[in-house]
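Subject: Structure handover

Hello,

Here is the structure you were to receive. Please open it alongside the notes that follow.

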Amino acid sequence: VTLHQPLLERTPALESSLSSLVLACAISWCKGNAVVDIGADFYPALALVWMAVDQPKCSKCDWFPTCSDCCNSGAALDGLPDSLVQQHLLPRMSTSDKRVFRMTNPRQRQLVNQSVMTVLVPANALNSCPAGTKLGQPFPAARTLKAFDCEEASITDAALIKFLANSEQWLHSLVEVDLKKCHHVTPQLLAFLRASCPKLRKLAPSRWADHAALRSIATFPCLEELDLGDLDADIITIDDLGLTALTGLSHSLKRLGLSRCRWVSDAALCTLRQLSKLEVLDLSHTDIGPRGLSALAGLPNLHTINLTGCRNVTNEALEELAHVLPLAHLTLKGTLATNAGLQHLCALPRLTHLDLGSRWELDDTGLAAVASCPELKVLAAGSFNLVRPTCNPKG
């Protein structure tokens with residue numbers, strides 16, 4: 001029995017077999033709550049069995065409520081206990097399954113909404129939502145807000161602020177906001193979020209964020225993760241001068257993404273070394289070189305650096321990285337470093353993961369270098385992803 005193939009067509013033989021399964025489970029339960037080990041999908045199967053055999057026949061066709069001609073297939077689902085739906089059905093449903101489940105079963109819509117963690121706000125939905133909509137009522141557990149432009153409409157400061165104005169209590173519990181695909185928002189929206197979301201920990205501003213936006217972001221009281229980069233297109237509004245504003249987050253910022261910020265160079269890292277709590281730094285496809293990486297040596301908590309596509313990262317840069325002693329995860333895909341430079345990584349006492357990229361060809365020098373890294377457990381190079389086996393004390 002599977003959730004992807006509802007029991008819409010039944011035969012007496014199938015009904016009998018399902019009844020037997022329910023009876024067997026009931027007998028087992030009565031005999032001291034014995035465990036019936038029939039796999040992880042037991043509870044979803046039992047739920048569908050409930051639907052199949054515990055429903056009255058249709059008064060029109062003398063068949064079960066899932067007949068395709070005159071009966072409502074959602075009636076059986078509406079009869080399931082709330083606890084069974086929440087604990088066993090919803091955790092095993094995909095996003096699309098939940099969407100269909102919510103649309104076809106009005107009684108269960110609230111249960112599905114209670115498990116939603118992310119609220120998506122497309123631009124074309126802002127005008128169609130009823131006035132006074134409060135997001136905290138249908139989605140009490142949601143802690144993430146993602147807004148994005150559509151082909152026929154764009155998110156604006158005024159429209160989104162008006163939409164969120166009635167959800168003041170929900171905004172107070174919001175921890176993550178993603179505005180990456182909102183191309184027409186300004187620092188006015190950031191000021192609203194700063195005032196309305198005191199618990200905000202993660203922020204991905206518009207890819208058009210400029211110096212004014214960075215100055216506004218630097219005033220968020222407890223921001224821990226900031227993504228200023230983009231995976232698909234170059235960022236041309238973020239540069240070394242603008243990043244100086246982020247020193248205002250030195251008390252809280254732990255993760256910083258600058259992927260494809262083409263105007264970010266060594267001077268930026270000389271400023272960002274003031275972020276003493278920084279743990280993860282994504283510098284992929286930036287103009288970072290040896291001088292900038294040398295400035296990272298003073299960051300006591302920095303354990304992950306991504307240098308994918310940094311064409312100024314050479315063997316000299318790896319020599320500077322050897323002084324970033326907390327470093328545990330390092331990505332060097334698409335850099336100009338060579339096998340000879342890998343010897344500098346032996347000085348990193350905590351390096352456990354090294355990704356050299358699919359085009360890297362390890363020679364004897366490179367193999368000897370990575371073999372000398374004392375704690376290295378995962379190595380990705382060329383077409384291989386090597387994992388050092390864990391010792392088994394039992395042999």
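In these notes, buried means under 20% relative accessible area, exposed means over 50%, and partly exposed is in between, with a 1.4 Å probe and protein chains only. Glutamate 375 is partly exposed because its relative accessible area is 35%.

This is a predicted model: local features need pLDDT of at least 70, side-chain atom pairs count only at pLDDT 80 or more, and totals for chains, interfaces and linings use all residues. Residues are numbered from 1 along each chain as its sequence is written, and side-chain values use heavy atoms, with hydrogens and water left out.

Overall

The chain has 15 helices and 14 strands. Both are DSSP runs numbered from the N terminus: helices are H or I with at least four residues, strands are E with at least two. Of the 395 residues in the chain, 44% are buried. Contact means heavy atoms within 4.5 Å. Among contacts between residues at least 6 apart in sequence, 66% join residues at least 24 apart.

Glutamate 375 is in the loop between helix H15 (364-371) and strand S13 (378-381). Leaving out residues up to four places away in sequence, glutamate 375 touches Pro349, Arg350, Leu351 and Thr352.

Leucine 330 belongs to strand S11 (residues 329-331). With a relative accessibility of 1%, leucine 330 counts as buried. Beyond residues up to four places away in sequence, its contacts include Ile305, Leu307, Leu321 and Leu351.

The largest pocket and lysine 180

The largest pocket has a volume of about 780 Å³. It is lined by 31 residues, and those closest to its centre are Lys180, Ala204, Asp227, Gly229 and Leu231. A pocket here is an open set of points on a 1 Å grid over the protein atoms alone, where a 1.4 Å probe fits, with protein on both sides within 12 Å along at least five of seven lines; lining residues have an atom within 4 Å of a point. Grid points are joined across faces, edges and corners, and the volume is the space filled by probe spheres set on the points. S3 gives the most to this lining, with five residues.

Lysine 180 is itself in strand S3 (residues 176-181). Lysine 180 is buried and has no salt bridge; the nearest side chain of opposite charge is aspartate 227, 4.1 Å away. For charge, Lys and Arg count as positive and Asp and Glu as negative, while His and the chain ends are not counted. A salt bridge is a side-chain nitrogen of Lys or Arg within 4 Å of a carboxyl oxygen of Asp or Glu.

Salt bridges

The structure holds seven salt bridges. One of them joins arginine 201 and glutamate 224, with the closest N and O atoms 3.8 Å apart. Arginine 201 is partly exposed at 29% relative accessibility, and glutamate 224 is partly exposed at 27%.

Arginine 260 and aspartate 234 meet in another, at 3.1 Å from N to O. Arginine 260 is buried, with a relative accessible area of 18%, whereas aspartate 234 is partly exposed at 31%. Aspartate 234 also forms a salt bridge with arginine 262, the closest N and O atoms being 3.2 Å apart.

Regards
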